[in-house]
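Work through the exercises below with the model open. Each task is followed by its solution.

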Amino acid sequence: MPPTALSGPRTFTRRTLLAVSAVGLVAVAGCTSSDDGQEAITSEQADELAGQVAVQETLVAAYELAFQADPALAAAAAELVTQAGEQLDRLRAAAPGDRPAGAAPADAPPVVGAQEWLRAQVAAAATSHAAACLDQTGARAALLGSIAAGLRGHEALLA
Amino acid sequence: MADESTETTEENGALADALAAEHAAVWGYGVVGAALPSGQRAPVAAAENAHRDVRDQLAALLTERGEDPAGPEGGYALPFPVLSAVDAAALAVTLEDGAASAWVRVLARGVDRPVRELAMAALGAGEVRAVSWRTAAGQTSTTRALPGLSAP
């Protein structure tokens with residue numbers, strides 16, 4: 001059915017689809033007090049969020065190791081590590097206080113099969129962020145959920 | 001801090017927005033499928049079914065809560081003409097991105113854990129589909145760091 005045949009249409013991009021944009025969600029991420037009307041965060045939530053920063057740091061390190069092991073993968077998937085770094089920046093901005101440093105990946109990527117190894121690292125990080133998302137609220141939940149979804153996209157691309 | 005009734009109202013509002021996005025996605029995938037050869041419609045059917053399932057879950061959830069879930073609009077205007085397979089893939093990307101924004105808002109406003117589990121599952125599945133559609137649309141960047149979330 002052509003668009004002109006529709007009566008009283010709604011526009012996908014402005015009303016139905018993108019009117020539900022998340023503008024402002026991130027602006028409150030990282031708040032530790034509700035005194036100024038922003039979101040409160042419990043100590044448990046703060047600790048868990050700090051843990052997710054470490055998870056993301058480990059993932060970024062995994063990307064770098066995999067790219068060192070497989071230069072062709074590095075060339076083909078360079079954007080992914082950039083996005084993982086962007087995710088890490090957003091998590092760091094949202095996580096208040098001191099944080100433990102992320103550990104290096106538990107094992108090194110194989111010379112053959114670095115892509116599959118990396119995919120497993122991405123999947124593990126996505127699962128971790130998704131689980132943590134359920135224990136957070138507000139902007140922090142939105143951020144972790146979005147990162148987890150973004151990593152599911154990475155995982156799909158690496159398949 | 002918002003009281004419980006305010007939080008529930010906000011959550012229901014976000015769910016209603018997600019329902020609207022899912023209605024639009026179900027309708028939009030009909031357009032996507034119509035623009036593709038029959039041999040390329042399997043992922044369209046899968047995506048449409050996925051959105052229909054989530055739409056039905058949302059409608060049932062809102063009904064359980066005493067809300068009156070909205071039905072689909074009488075008509076929708078396409079954001080651009082869909083005249084080719086590439087256009088169809090680009091429309092699918094728009095549909096998935098729109099739904100992702102709605103689900104991120106549910107996560108931000110969600111109170112009940114099952115609601116946030118539903119949002120998380122829908123968001124992840126939608127991004128996987130979106131990666132595929134961005135590829136089909138010839139977009140140079142096929143993944144997103146933060147699906148559904150606007151830039152700071």
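**Exercise 1: a helix pair**

Task: decide how α2(A) and α6(A) are oriented to each other.

Solution: α2(A) and α6(A) are roughly parallel (an angle under 35 degrees), because helix α2 (residues 43-69) and helix α6 (residues 138-158) of chain A pack at about 20°. Their axes, lines fitted to C-alpha atoms over the stretch in contact, are 12 Å apart. The crossing of α2(A) and α6(A) is left-handed. From α2(A), the contact (heavy atoms within 4.5 Å) uses Q45(A), L49(A), Q52(A), Q56(A), L59(A) and Y63(A). From α6(A) come R140(A), L144(A), I147(A), L151(A), H154(A) and L158(A).

This is a predicted model, in which local features need pLDDT of at least 70, side-chain atom pairs count only at pLDDT 80 or more, and totals for chains, interfaces and linings use all residues. Residues are numbered from 1 along each chain as its sequence is written, chains are lettered from A in the order in which they are written, and side-chain values use heavy atoms, without hydrogens and water.

**Exercise 2: chain B**

Task: what pattern does chain B follow along the sequence?

Solution: chain B has 4 helices and 1 strand, in the pattern α-α-β-α-α. Of its 152 residues, 49% are buried.

Technical notes: Axes are lines fitted to C-alpha atoms, for helices over the stretch in contact, and angles run from 0 to 180 degrees between N-to-C directions. Helices (H or I, at least four residues) and strands (E, at least two) are DSSP runs, numbered from the N terminus. Angles under 35 degrees count as roughly parallel, over 145 as roughly antiparallel, 65 to 115 as roughly perpendicular and the rest as oblique. A crossing is left-handed if the near helix is turned anticlockwise from the far one by less than a right angle, and right-handed if clockwise. Buried means under 20% relative accessible area, exposed over 50%, partly exposed in between (1.4 Å probe, protein chains only).
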